[in-house]
Every structure is written in structure tokens, then in C-alpha cells.
Amino acid sequence: MHAVTLTQTKPDRELRKLITTKFVVKGKNVSPQAVEVLASRLGRPSGLNGLDPEDVVERVCASSESFVISPEDVIEVLDGLKLREKAERAEQAKTESLENAPRTLARTGTGTGIEIESDQSDYDQGVVKVLRNYVDAASKGNVSDFVAYFRSRYEKLSRILKGRLNSQPLPISLVWKRSKSGWGWGDGWKRSGWKRSGWNGNKVDVIGMVADVRETSSGNVLIELEDLTGRMAVIVSGDLRKQARELLGDEVIGVAGVLRNNYLIAENIVFPEIPVVKKVVKKEIGTGKKEEMGVGMEKVEKEKGKKIDWKKTGKEKEKKKTSCKHGIAFISDTHFGSETFMEDAWNRFVSWMNCEIGNEKSQQLAEKVRYVVVAGDIVDGIGVYPGQEKELTITDIYQQYEEAAAQFDRLPKDIKIIVSPGNHDAVRQAEPQPPLPEEYANLFSSNVVHVSNPAMVELAGVKVLVYHGRSLDELVLRIPRLSYSSPAEAMVEYLRRRTFAPGFGSKSIHVAPLDEDMLVIDDVPDVLHCGHVHTYGVANYRGVLLVNSSTFQAQTEYQKKMNFNPEPGNVAVAVYDGKVRRLRFCA
């Protein structure tokens, strides 16, 4: 990797002078802004498909009828060149793919000195179906935008909850009626102006969004719940208080309980979590014990030596085999451009993917991989945290993505690479985040598929939901039982609450108030893949494989100050036989 200074060098000044002279020779005046745009593109190491300044100037002059060349004139020509270059690169990649397919196993280490090749009849070019992808939409952030956003969240999650409650849920307005005296939340619920409406003493089910959670003087938990018709108070006592204390606000839940005076006394709190698959009794390896998997919310199957079922969960609650016959490698947080980027570990991963290292069994596993899913933070970015510029080897964001594209080009051309952005990438910070802008996405080869954060893709019949995982910070911060050392346990909360933003307005995640809440998990995936926390974890929850795929960045100075210890160089590889392999590429 190469270091870049932010100051203008002598060659930069000479290039700008040359560009201005070329325009004058052509009889054109050129604005300083147009010169800057052209020089910034031509001055990059990759250039524009080998074009020299004179050629580009001639194209700009030929396309513009103006006497003074503007930045818009230059950008129009450059965009045309980028499209032509992209088409040529796609055609070249297609040719290389045909020439290189299928991959061979290289030397397998059999001891006989004979090279074994994979069966060409098993080769199948991977296909990526993008099922859910966010396209950037404008949001002014006014009151109507927030109303539409929260209404979308409520309607989506309440539809899920209606199928999980034992009885038909009632609107809050039918349970409580407001008197003419008005209401005031600060004076307490008994003086709020709400009266009983004939339901007192009866069992009722309600669905609402959590407006507030607080402790009462008696040690119980009071939840303020609201729907589209009104608000009500829910009192939670006993063992149920543990669940109530973990509510983060703005979540949509169901409550079954009994009406007593001015309160609903909760008997059960229902989350909109993914459905339970058909019971399966499995024997724990090495223990002789039997355990029912996928039955309770807290039963999470760890990765230690156990098989992970590739099963689809849904309303039918029946297990269904996928058609996946290939392997999927899960990585994230590569942080190209960072001083702490672990180049040796990445090189070993690339060599393994090309079947150049490893024993026979390891190389056979590499041969099966047809997809690589990257869960964000492709590059380290600029100005993401205090003092970051001191820890960068590449200080230009465009060149960071050039480096990333070059590194991904080292992977076999017959695999598909699915790239989703993270909070270090050059997209907006508010979630959902759109795919990388074309300016950076066009640097990558045609086998790289750019999607949003979050996004749902289907890979050979397997539905993979990829989300960078920034809100994991909020979950770990506010739920004491969760920790960064066990990221898969925190990911379970996404599936329980069916949203990636359980607490709107938190410090760790910014959410864009759109007409539709794109952070709700509508469709149940086969795999949920996250990153962000730089630690490794794999689990199975109710038939969904959870993967948090570590990082290729060592501990930064900022992480040391935050007492954060990463677990770098780990890659999870899932294959069709139902097993997840953990590969360590750190020395």
C-alpha cells in the first residue's frame, strides 16, 4: 500500500498548468474549478484507462459549444469515459472468467506428487439474487417524515404480532376512554383523566409501541404503551420484570394481561420474533445430553463442534432443505487504508481462496466457496474517529477504494463478492445506508455485487440477510447480559425484536426517517451476517444461522483507549453439508 500526502505536490501543479495550456491551444478558456476536477481524476495512480491529458482535453473541447469550459463540461466527458471503461472491464472479466473456469485444487499434498483437479461437471457460476436493497431516497426530517416512519414500523411489526397472540388484540382506545377532564402524564396515571370502560377484571391482549420504561417505587416496571389510537400504562411484576427492563424504547410488542383499575397488569410480554421451527431433539456432542433446539427464546446453539442446520423458517414452521451446493465465506471490516490493516492475514486468506496453501481437506473446502459476503467497513475511511489521520497509510478515500478493488481482484474470478457498506465507508451515516456510490463502485470488477446496508440476497437458494451491525453497540451498552465477546448472542436480539434499530435516537446509530422502515426484518432469512464489533461468533437461533465475521484490522489506538480487544483474522465458511468451519488466518 502507498502513503499519500494531502498537500499539492510539484507534479500536481505541473499537471494543472499543462491542462490549462492544452485548453488555450484549442482556443478555449477554462475555469479553475474545471481544471481542478480534471487534474484530480488524471492525477490518480489508476488514471482513466491510460488516457493522457491532451486526449481528454480534446474530447471536452469537441463536446462543448461554450467558450469557457465549466466543471459540468468536464464531468460529462469523464462520466462517458467511465461508462466506456466499465463496459470494457466487464467484457474483459467475462473473458477471463471463461478462461479460468473451473478452478483446480492445485497441489493437494497427497504425497504422490500428482496434482488432482476438481470435477468440471460440478462447476457452476454463482448467481446472486438481490431480494431487498435500499435505494437512496430524500428525507427532509420534518414531523410528517417521522410520523410516516413510526407508523410504518408499527404496522409492519403489529401484523407479525397478531399471529402470535392468543386472542384478537384490542385497540387501546377501546380499553381506556378519556374523560372530559383531559389528561396529564406527569401527574400519574390515577389522575390522568382515563376511566374504565367495562373491561375491568377481564383478560385482554394489546399491541403497542414502547414509549417509556421506568421503575416504580414498589420495584415493579411501568411501561407506557401506545398504538394508533392512544396510550395506556402496563405494570410488570415478578419474573417478567427482567424482560421489561431490557426494552429499549420504540419497539413494538404485544402484552397479554388483566385490567385492574387504571392499569393493565402484564401476564406475558410477546416479541415479534421469528417463528419456532419444528422441534428437533439433538444430542450434544461429547456430553451425552439431549436438548430441544429452537423451542425457547433463550436456546442458542453454539458453534463448538455442532452442525448448523441450513433450514428455512416460516409460517409453515417446517424445515426445508435449501438447494445450496456451494460454500459461502463470510468476512467483514477489512479496513483497507488503515495502518493496522493485517496484510499478512489477508494475504493468507487470499492464498487459501486460490487453493495455494493448506492441507488437502482445507483446499477442498476452498474449492467449494462460490460466494464471499462482506458486511461493511471495506475501507478505514477519513475522519471517522478522533486522530484517525495518524493511523492511515492511505489518506485519500478514492485511493482507499482503489486499494480495496485491487485486493478483491486477487480473489478467484469465478466467485461472486457481495459488498455491503458500514459506518467507515463513503456513504451517509444514517441507516439504511445505500450501496457505494458509482464513483467508488465502478472501481471494482464485474464479479462484485454492491448492495445496501442492510440488504437481503439469495445465494444458490440460501437467503442471506447482511447488516453491518452498528446497533450492536446499543444492545451491548443497554443490556447487561450481552457483551462484545459473544456477538452472536447480541444478534439474537435482532431476530427477537425483528428490527436493526430497537432504540430510535440512540447515540450509536442514526436512522433516516423514511416513509418505510427499512430496518424491520420482514422476511426470515436462512443466514444473518453482521460485523462491526471485530470479534467472531457463530450460533443457530430457531433455524437461522448467525455469523459475526471478525475483522482484518489489529487493535487501533482508539480501541485501546476504549478498552476494546478485537479478535482479528477469523473467517466463517458455511457449506451445504450443514457445517460451519472457522478458519484462523492470524499467525
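P432 sits in the loop that runs between β16 (416–420) and α11 (438–441). In this predicted model, the peptide bond leading from E431 into P432 is cis, with omega near 5°. Another cis bond joins N453 to P454, and its omega is near 0°. P454 is also a loop residue, placed between β17 (448–450) and β18 (455–459).

**Positive phi values**

H335 has a phi near 55°, which is a positive value in a residue other than glycine. The loop that holds H335 lies between β14 (327–331) and α8 (343–353). H335 counts as buried, since its relative accessibility is 1%. R542 is likewise a residue other than glycine with a positive phi, here near 50°. R542 belongs to the loop between β21 (536–541) and β22 (544–549), and with a relative accessible area of 4% R542 is buried.

**Accessibility of selected residues**

The table gathers the relative accessible areas of several residues discussed in this report.

| Residue | Relative accessible area | Class |
|---|---|---|
| S31 | 14% | buried |
| H335 | 1% | buried |
| C355 | 1% | buried |
| Y371 | 2% | buried |
| R542 | 4% | buried |
| C586 | 29% | partly exposed |

**S31 and helix α2**

S31 is located in the loop between β1 (29–30) and α2. Its relative accessibility of 14% falls under the 20% limit, so S31 counts as buried. Apart from neighbours within four places in sequence, S31 is in contact with V68, I69, S70 and P71.

Helix α2 covers residues 32–42, and its buried residues are A34, V35, L38, A39, R41 and L42. These residues lie on the same side of α2 because they cover an arc of only 165° around the axis.

**Y371 in strand β15**

Y371 is part of strand β15, which spans residues 369–375. Y371 is buried, with a relative accessible area of 2%. Its side chain reaches the backbone nitrogen of V127 at 3.1 Å. Y371 and V573 are 202 residues apart along the chain, yet their C-alpha atoms are separated by 9.7 Å.

**Nonpolar cores**

The largest nonpolar core has 40 residues, and F349, W352 and F408 are the ones that touch the most other members. The elements that give two or more residues to this core are the helices α8, α9 (360–368), α10 (397–408) and α11, together with the strands β14, β15, β16 and β23 (570–574). Among these contributors, α8 gives the most, with six residues.

Which residues does F408 touch, not counting those up to four places away in sequence? They are F336, W346, V374, I378, I417, V419 and F444.

Technical notes:
Residues are numbered from 1 along each chain as its sequence is written. This is a predicted model: local features need pLDDT of at least 70, side-chain atom pairs count only at pLDDT 80 or more; totals for chains, interfaces and linings use all residues. Side-chain values use heavy atoms; hydrogens and water are left out. Buried means under 20% relative accessible area, exposed over 50%, partly exposed in between (1.4 Å probe, protein chains only). Helices (H or I, at least four residues) and strands (E, at least two) are DSSP runs, numbered from the N terminus. The arc is that of the directions from the helix axis to the C-beta atoms. Contact means heavy atoms within 4.5 Å. A polar contact is a pair of N or O atoms within 3.5 Å; within protein, one must be able to donate a hydrogen and the other to accept it, and residues adjacent in sequence count only if both atoms are side-chain atoms. A nonpolar core is a set of buried Ala, Val, Leu, Ile, Met, Phe, Trp, Tyr and Cys residues joined through side-chain atoms within 4.5 Å.
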